[in-house]
Amino acid sequence: MPSTVRVEAARIPDRDRLVEALRDEGLDAEPRGEVGILVPVGEGGGELIHQVEGVVISVGAPFVPIQHEGVIYIRPPVG
């Protein structure tokens with residue numbers, strides 16, 4: 001398992017809101033680049049995608065977290 005998980009938001013404001021919300025959840029989230037976020041993985045790292053989903057919902061963002069090749073992408077819903 002990697003020591004960090006990358007999260008990619010759709011826009012800079014979304015990234016900033018997610019960084020703040022992830023930090024409020026006790027994660028050491030750090031912004032990287034324009035829309036990226038790095039989250040260190042500690043014990044229980046397999047639960048991180050579920051925690052990110054909860055954060056996205058709590059922020060009220062109309063986005064869906066999708067995990068692909070070690071990166072969690074925050075994308076608009078398809079439909």
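Author: A salt bridge is a side-chain nitrogen of Lys or Arg within 4 Å of a carboxyl oxygen of Asp or Glu. This is a predicted model: local features need pLDDT of at least 70, side-chain atom pairs count only at pLDDT 80 or more, and totals for chains, interfaces and linings use all residues. Residues are numbered from 1 along each chain as its sequence is written, and side-chain values use heavy atoms, with hydrogens and water left out.

Reader: What makes Arg 15 and Asp 16 a salt bridge?

Author: Their side chains meet at 2.6 Å, N to O. The cut-off is within 4 Å, so the pair qualifies.

Reader: Why is Arg 15 called buried?

Author: Buried means under 20% relative accessible area, exposed over 50%, and partly exposed in between (1.4 Å probe, protein chains only). Arg 15 has 11% relative accessibility, so Arg 15 counts as buried.

Reader: Why is Asp 16 called partly exposed?

Author: Asp 16 has 38% relative accessibility.

Reader: How many salt bridges does a search of the whole structure find?

Author: Three. Arg 11 and Asp 14 form one of them, with the closest N and O atoms 3.0 Å apart.

Reader: What makes Asp 14 buried?

Author: Its relative accessible area is 4%. Arg 11, at 46%, is partly exposed.

Reader: Why is the contact of Arg 23 with Glu 30 called a salt bridge?

Author: The N to O distance is 3.4 Å. That is within the cut-off, so the name applies. Arg 23 is partly exposed at 40%, and Glu 30 is partly exposed at 36%.
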